[in-house]
Amino acid sequence: MAHAAGAHAVHEAPTGFIRKYIFSLDHKVIGIQYYLLALVAVWVGMILSLYMRLRLAWPTEEFPLVGGVMTPEAYLSLVTMHGTIMVFFVLTTAPQSGFGNYILPIQIGAADMAFPFLNALSFWVTFLSFAVMLAAFFVSGGAPISGWTGYPPLSAVGEVAGPGLGLGQTLWVVSLAIFCGGALLGALNFIATTLDLRAKGMYLMRMPLTVWAWFITAILGLLAFGVLLAAGVLLLMDRVAGTSFFIPGGLVISEQIISHKGGSPLLWQHLFWFFGHPEVYIAILPGMGVVSQILSTFARKPIFGYRAMVYAIMGIGGLGFLVWGHHMFISGMSPYSAIAFSVLTLSIGVPSAIKTFNWLGTLIGGRIRFTTPMLYALGFVSLFVTGGLSGLFLGQPSLDLYLHDTYFVLAHFHMVMGVAAIFGIFAGTYFWFPKMFGRMMNEPLGKLHFWITFIGVYAIFMPMHYIGIAGHPRRYAETSGVEYLGSLQPVHDFISIVAIVTIAAQFIFLFNFFWSLYHGEKASVNPWECTTLEWTVPSPPPHDNFGGHSPVVYHGAYEYNVPGASQDYIMQTSPEKVTH
Amino acid sequence: MAVVLALAITVITLVSMYLFTVKTWWMPPYISEYGQAYDQHFMLTLVICGIIFFLAQLGLAYAIFRYRDRGQKVHYSHGNNTLEAIWTSATAVLFIGLVLWGSHIWARAHLQEAPAGAVQVEAWGQQFTWYFRYPGPDGRLGNTKPELMKESIGNPLGLDPDDPASRDDVVMPVIAIPVNRPVEVILRSKDVIHNFAVRELRLKQDLVPGLENRIHFTASQIGRYEVPCMELCGLGHYQMRTFLEVMSEADFENWLRENAPETQ
């Protein structure tokens, strides 16, 4: 239940540089550390995708840093590392561990997370994981070529199956296992904090939807990362200790007999996707929370259907654990279970649709202010709808018979969990930057960045649907090996050119971010006229957030334009009466 | 800003939808018994998604334009339970109905066995090539042994010379089948996971080492169709391609005879 916030400021404000900024126990510093880790990771992941696009459009050209013409195996290691880095170190790290860490305790009126030491430990474990992952580029054989899904036997049997499958693949799986450790610590902390450290009056049904999203995401993380950790350890054992969890008997690779026997490649797929599908929601739920918050704030109107939104988050989270089989329709899994998985998969479209309807309902009747965070939140809604709808195709095993492993799949998940989630991160960045760093980001630059990015991502990922319908397989280094792909090459050229422009536009964001840190306009306590608790404390907040006093909460998070109120928003901490 | 954003969303929506309708990049004509039902259900899903896409995006564009800040009064509301109930049940019925409506295609391909008398072909994937094995005149696929799998001595599938059933097996790098006759393909892999996909059949199935996955179909058009590997199998994945050759019954028998092993 709710506690006095000040009681949990178990650690004093540190004075030395190292304890203040490096090995800090302050959730705000740790949140920023996670965010900056994700910022580095997203640039690495994006540069990898740039090289992929260069290879796809100009397969015979030489590009800097690759040493000659890029080989097919180099392309596949880009595929693998781009996917892995983006999913784990960007989409899992920034929205949940970054923003969640910084904002959640303040939004519920706490002085810090429940376990500050675990919090610091989880960040440094994640940092170690990232270092191990990057090391895979620099070892003999290079980074692995088995994709971010790392399907055995390809990922299990070692270098005999291809370059990068030796030490590089081992580092990859070790890194994932370490990452799981960090994610589990973080998940525990988020759950305990949300349940135990809420301020007086912060009932569950008064929590901002951001808190709900981080809370449910933490539960998903707790249930999913344990399974990936187990799968990762088993794969590591297959690779280094001679076990055969995932390697069946009788394999012959390059005329060499593989001595393993008795394992099942599908076992890995079940374990991986039992993690992997909830992971999609781990990436997107926090974005949904942020978008709900921002839409309501800048439409100056209460969120439409708050309770339905909470139940939808729970519904998505719960159903998210029951649909993993839709990644395996054509794997040889029981065809009967495919029917069950498909019905559950399409069911998850229902809470997703509820959220979309409620976002539209929030806008209708409002008075919309088009700030940069609002543009990104609106962009998120558009992209989420677009990406979600292609899921209606892929969730049906009948249609997956043709579409599986084509660019249609690539288009689908990049739209919905890639760029939509990234738009959530951008929205959160422009929205909370003033609180986190005490200065506003530059609005004209932010808007320029939005326009190029929004049109860019549509121009990149929409055409992938079309070449997917034409049957273009994923993970092809070039189109030369299959005759019918020749006619699709111009689409690749187009996508690559747009990708170069869109990636270049991200320098605008980077410049805006660092320029604003030092030269941005000073932020007031509540520059967006928002109602939640982080906007009651200075920007940036002091070490214990509320300066030793304990906030008391009187309202839900979305009281905008209440009839008869003194101004167009009522803070959660304001004792002013609201009569519905 | 509001006008531009509403316009941008509208233009993106209309252009995207237009490019789905012109079918410049599209599925090739089908040649299997699943094709007609597949294409119909694909179109049904496309139309439903198209309508939702259009309404949702233009609804968003409209809200952006109509409710931009012009100093108007905000309608204070926390929602409407009737509306929530309506759109929850409507989407549930629509989405679950859609998947059940189309599941007969899956059932026909995977819940039904191959008809008796189907031509049996065993497909083998290996990095980065294909082999297809036919049982020969005795109608039986013989034993194979991993330790005998050596392309260098002309025995890529490890046919066991001690098994009489193996001696007449026909092994080819492409798959030929007779037109208008049911075919069952037994999918196996020597090394890693591969995928057998023929766009014109509207079928796709993994070749998983240790498993014997099966698909069955009847091809109705004589011709040569590409079979690209669709599951990441290593550095040569993009080159792992073979052909499905659909022939007349007589040509197929000839083809089998011509390619039969010389020593019986």
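In the predicted model, 40% of the 264 residues of chain B count as buried, a residue being buried if 20 or more other C-beta atoms, placed from the backbone, lie within 10 Å of its own. Local features in this predicted model need pLDDT of at least 70 and side-chain atom pairs count only at pLDDT 80 or more, whereas totals for chains, interfaces and linings use all residues. Residues are numbered from 1 along each chain as its sequence is written, and chains are lettered from A in the order in which they are written.

Chain B contains five helices and 10 strands, these being DSSP runs (helices H or I, at least four residues; strands E, at least two) numbered from the N terminus. With a radius of gyration of 26 Å, well over the 18 Å given by the globule rule for 264 residues, chain B is more spread out than a compact globule; the radius is taken over C-alpha atoms, and the rule is 2.2 Å times the number of residues to the power 0.38. Along the principal axes, the C-alpha atoms of chain B fill a box of roughly 90 × 40 × 35 Å.

Technical notes:
Buried ≥ 20, exposed ≤ 12 C-beta atoms within 10 Å, placed from the backbone.
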